[in-house]
Every structure is written in C-alpha cells, then in structure tokens.
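Work through the two exercises below with the sequence and the coordinates at hand, following each solution step by step.

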2 protein chains.
Amino acid sequence: MGKTDDSNENWGAPLDMIGKDLLSANDRIAQEIRKDIVKMGSILVHLTSSPGSGKTTLLEATVRAMGKRLSIGAIEGDVATENDAEKIRRMGIASQSIVTDGACHLEAKSVRRALGKLTENDAFDLIFVENVGNLVCPSGFDLGENYRVVLISVAEGDDKPEKYPPIFRKADVLVVSKIDLLPYVDFDVEKVKTHARAIAPNIRTFELSAKTGEGIADWTNWLTSLVPQK
Amino acid sequence: MGKTDDSNENWGAPLDMIGKDLLSANDRIAQEIRKDIVKMGSILVHLTSSPGSGKTTLLEATVRAMGKRLSIGAIEGDVATENDAEKIRRMGIASQSIVTDGACHLEAKSVRRALGKLTENDAFDLIFVENVGNLVCPSGFDLGENYRVVLISVAEGDDKPEKYPPIFRKADVLVVSKIDLLPYVDFDVEKVKTHARAIAPNIRTFELSAKTGEGIADWTNWLTSLVPQK
C-alpha cells in the first residue's frame, strides 16, 4: 500500500485531452514531492471526491479527533474561494490555499509551491491535500501523495465507482462518507465496495460519518499508523 | 429567460485550459443546434450537476409525471458506461448515449451527432441532455440548449454556488434536489438561492424530491409551459 518514489510506473496514464508531456512533467514534480516528504519525516494524504462528498468536513473531524496527538497541516484546492482553507485555519491548523481559477484539478507544481510555504517554518506529521471537488479531472494527476483517498457520500448513489472508474483505479483508500444518512437513501455499501475492488483490488475501505463520529476512530487509527516513528 | 440563437454573446467565456478557437467552434455548432431545435418545434433542456445530485433520477421522475402528456427524448452523457441511457430506455423513452471516454464534459459536436440519431425517425416535444457529472468542466460549453438547469442536492452542502460560481453564471434554473433529506442535513435552502441569484440574477429555482414527488408538479408545469404550441 502507498507510493514510494520508485513505485511510480502506474501513474500518469494519458487522458484524452491532456498531452503526455504535461503529465510526465507533473509526474516528475510529484516524485520530487514524495522525496521531500520522506526527508521531512511526514506523510502526504490526497483527498479527492465530487463536490459535497465531505472532504473538508472529514478533515475537520480528523483534526478534532487527532489534532493533539499529531501535528497536521493542510493544502486546500478550490476553484474560486479560500473558504475551505479558512475553515481549517479557524481550527488552528496551518493551511495553504490553492485557488485554481476555474481549472478542475490540482497539479503537482502548485502543490509543491504550497507545500514549500506550509513547511517553511513548521514541521508536520501528516499533511492533507484536498483536491478541487471533481470525480473526473483529478484522476490523471499524481500530486506526490503517499496515499490517495477517494470519498463517496451515501447520498451520491452506489453506482459511482462503475460510472467514474479512473479515479478509483489510482486510489489506495475508499471512504464511504455520511453514513448517518444510510437510513434515508438507497445506497448499497457492499455493492460500492465490490465495484471499487473490481477496479482497485487492494483498495482499503472505511465507512464513516464526520457528523456523528461513527467510524472516525478506525480512520484516525489508520492515519496514525502511517506516520513515521521519530 | 432561455436562449435563442441570437442571444449568444454571453456564451463561451474563455476557460483557463481551453483555447478560444475550440470554444468558438463549439459555440457555432451550439447555435446551429438551437436553430434545428426551433425547426423541430422542440425544446432542449441541459441538466448539469456534480455526480450523484440526481440528474437521472429527476429525469425518471419527470418521465413518470409527464411522459404521457408529452413526447420526451434524452441524450445521456457519461464518462465510462451507458448505464444512464439504459435506465431511461427501460422507461420506454428514446435515448442516445454519449460516452466521453474520460473527458469531463460534453461538447456541442457530440450532442449534434446524438441529436441527429435521436430525431432520425422520431419527433419530440422535449429533449433533455444530461451532462457528465461535473460542477466545473461543463460551465464553458454551450450545448445548444434552450435552458440550462443546474442541480444541487441538499446532501452536498449549501456552499456550492459560492465555491463553483461559473456553472451558475450560465444557468437559467437551479434545482435544489433530494429535499426529502433536509431534516437530516445542514443545508440552508435560502442561502443557496441567495448565492445563486447573486451570480445569476434571473435564475429560476425549484425545490424538489424525485423520491417523494414533492415539488415535481411545479417542475413539470414549468417544462410543459416551455413546449411550443402545435
């Protein structure tokens, strides 16, 4: 599980609209980021999903649950506002914002820049990169993460891995979010896990509600287990 | 409200990653589609939203509610499967599928081709185009629609117009969907409407649940009012 800087051969599969050169430039920077992260003794976790699946809310719940045990930093990607970065900062967490001005995904280049600013005067056990809300565009872009986490909220429907396979192909973790809504929606958790595993056989799955706290302990225990011993 | 083929000057605002020529070629085809739609005595309604906001489910509820009063056709955009087109076909509705093979939005060119096939032997009062689930990429691409409808489900959070403004800038209608979940989520309908109106002052809004049927009559009455008298 997880990526090291030499396990990179499956990354950067060519997308329809994006030149191969652009992707390999992105991959080179992503590898450099992974080397820097190792040097820092940190772990980079990339959160990606549709808009409104609960990435920022999960991050807030994660900080609440483990913010005193570990030092956490965040890089927040958004199309137009810095709202997410501000939400995270209000929790006392160092956060850098990347506003993409309309672009539908982050690239390694802007993550490297944000990471430089974030870690200029501080060290972190765990750094999250929250991508722009999008289930299509981010799939081809390695951001130098050690783990890529895809969220699906139970309100989105259980056909999402089947309908948007590329983003799951590169995922290490599937988080089924907003499980407090399960009684009120038609959503088959096992179906989603089965489809996700058909696409990414080694995918690890969590089911949780950032609202009620259900499942958050499993998630934070896993995150804690990733952090290098110092 | 609505677009005619000469009210096109606000379309095709340049996006970061897309050349101006590509957009104006798209706009030219979109204008031709609008002319063809007028000739057919039909109306083209473009549905766009995040993945899982309920576009296909709304379409199914719409067909159930008005399928006998009007003849309805559908063009279903998807990244990887024909599932949505098949769902619609199972309801006895003529449907053409556009599989984008990874691309994050539809273009007028592929809509024109699908429309040609759809209308080869049939006439429709109302034709829906369901875009790929994406709140970012579709915003710059006129598909020749008469009305552009953006859906937000109440499970997605009420910050979406503020965080993804471009898609609302070009919208004629905002549908707040899955309102049966309102008791279980933090979602301020008035806040969303206010933000959407700040971006698109003339936007028309509907609040509905395709599951319970609440609000569907207002929606179908509006759709019926669009259809040219024959």
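**Exercise 1: a buried charge**

Solution. The model is a predicted one, in which local features need pLDDT of at least 70 and side-chain atom pairs pLDDT 80 or more, whereas totals for chains, interfaces and linings use all residues. Residues are numbered from 1 along each chain as its sequence is written, chains are lettered from A in the order in which they are written, and side-chain values use heavy atoms, without hydrogens and water.

Step 1: locate Glu60(B) in helix α2 of chain B, residues 55-66.
Step 2: list the contacts (heavy atoms within 4.5 Å) beyond four places in sequence, namely Lys87(B), Ile88(B) and Met91(B).

**Exercise 2: the interface**

Describe how chain A and chain B meet, by residues, area and salt bridges.

Solution. 
Step 1: count the residues in contact, 39 from chain A and 39 from chain B.
Step 2: take the buried area (the accessible area, 1.4 Å probe, lost by two parts on being put together, summed over both), which is about 3000 Å², with 57% given by carbon and sulfur atoms.
Step 3: count six salt bridges between the chains; Lys163(B) forms a salt bridge with Asp78(A), with the closest N and O atoms 3.6 Å apart.

Definitions and conventions:
A salt bridge is a side-chain nitrogen of Lys or Arg within 4 Å of a carboxyl oxygen of Asp or Glu. Helices (H or I, at least four residues) and strands (E, at least two) are DSSP runs, numbered from the N terminus.
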